[in-house]
Amino acid sequence: MKLHLREMMPSDVGPVAAIEACLNDEPWSEQLFRGEFDVDPTTRHWIVAELDGRLVGFGGMMFVGDDAHLMNLGVDPTHQRRGIARSLVSALFLQAVGRRATGITLEVRVGNTAARSLYAAFGLAPVGTRPGYYADGEDALILWVHDVQGHEFATRLGEAA
Ligand SMILES: CC(C)(COP(=O)(O)OP(=O)(O)OC[C@H]1O[C@@H](n2cnc3c(N)ncnc32)[C@H](O)[C@@H]1OP(=O)(O)O)[C@@H](O)C(=O)NCCC(=O)NCCS
């Protein structure tokens with residue numbers, strides 16, 4: 001089976017929101033995803049992963065100043081543990097490098113060991129917490145990688161890809 005990554009289009013919003021709804025108790029709404037197409041495109045990069053033409057994953061970044069912020073990432077539960085998230089994150093982070101970001105940051109649930117392990121492979125490390133960040137009261141861990149333009153990050157990106 002062939003994995004294909006491409007930019008998200010407005011017509012992808014339905015399938016993307018359907019995957020998101022399977023993954024989160026407080027999912028992004030279809031409207032929220034759609035709104036991403038109304039903002040300045042230089043501040044966003046959303047991509048999707050297709051397996052044999054079927055949309056199986058998505059991810060998006062926001063660019064603010066010198067930093068890139070991973071806003072959301074998800075893989076269809078029936079297609080997880082096949083390296084799809086790793087491919088999506090690699091592509092998003094490469095985009096951050098190309099746009100001359102110096103840092104990449106994101107929030108993740110403290111208890112989301114799957115995502116934390118994924119991000120650790122890219123060198124993202126905890127720099128703090130946001131207590132009670134999520135509606136159910138769980139804390140968010142703030143992860144950051146600095147020096148995105150440096151050698152070490154390029155090596156990690158190459159190894160993780
Ligand atoms: C987190 C998520 C995106 C991972 O997607 P995936 O395609 O299954 O991940 P990959 O197959 O690319 O895995 C890459 C690495 O992530 C980690 N990982 C992924 N799933 C894991 C799991 N269930 N348990 C532990 N580690 C896991 C592993 O380190 C894995 O590397 P390995 O396979 O060599 O062990 C997916 O589980 C998901 O959609 N979760 C719900 C939404 C979410 O948490 N998004 C992130 C919000 S910050």
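This is a predicted model: local features need pLDDT of at least 70, side-chain atom pairs count only at pLDDT 80 or more; totals for chains, interfaces and linings use all residues.
The shell around the ligand divides into 10 nonpolar, six polar and three charged residues. In total, 19 residues surround the ligand. The closest are Gln80, Ala85, Ala114, Ser117 and Leu118. Four elements each supply at least two residues of the shell: strand E4 (67–75), helix H3 (84–98), strand E5 (103–109) and helix H4 (113–120). H4 gives the most, with five residues.

Two of these elements, E4 and E5, belong to a sheet of seven strands. The sheet is open, and its order is E1-E2-E3-E4-E5-E7-E6. The pairing is mixed. E1 and E6 stand at the edges. Each has a single partner strand, so one side of each is left without a neighbour in the sheet. From one strand to the next, the twist averages 25°. Strands of a sheet pair through backbone hydrogen bonds, either parallel or antiparallel.

E1 comprises residues 3–7. None of its five residues is buried, so the strand lies largely in the open. The partner of E1 is E2; the two pair in the antiparallel sense over five bridges. Within this pairing, His4 stands opposite Glu50 in E2, and Glu7 stands opposite Ile47 in E2. E6 pairs with strand E7 (residues 140–145), in the antiparallel sense and over five bridges. Here Gly128 stands opposite Ile142 in E7.

Helix H3, which supplies residues to the ligand shell, also lies across the sheet strands E1, E2, E3, E4 and E5. H3 runs at about 30° to E3.

Helix H1 (residues 13–23) has a buried side. Its buried residues are Val13, Val16, Ile19 and Glu20. These cover an arc of only 130° around the axis, which puts them on the same side of H1. An α-helix has 3.6 residues a turn, so residues three or four places apart point the same way. The cover over the buried residues of H1 includes helix H2 (30–35), strand E2 (44–51), strand E3 (54–64) and E4. The face of H1 turned away from the buried side carries Gly14 and Cys22, both exposed.

Technical notes. Residues are numbered from 1 along each chain as its sequence is written. Two strands pair if DSSP finds at least two bridges between them. A residue is near a molecule or strand if its C-beta atom, placed from the backbone, lies within 6 Å of it. Ala, Val, Leu, Ile, Met, Phe, Trp, Tyr, Cys and Pro count as nonpolar, Asp, Glu, Lys and Arg as charged, and the others, Gly among them, as polar. A residue is buried if 20 or more other C-beta atoms lie within 10 Å of its own, exposed if 12 or fewer, and partly exposed in between; C-beta atoms are placed from the backbone. The arc is that of the directions from the helix axis to the C-beta atoms. Two residues are in contact if their C-beta atoms, placed from the backbone, lie within 7 Å. Axes are lines fitted to C-alpha atoms, for helices over the stretch in contact, and angles run from 0 to 180 degrees between N-to-C directions.
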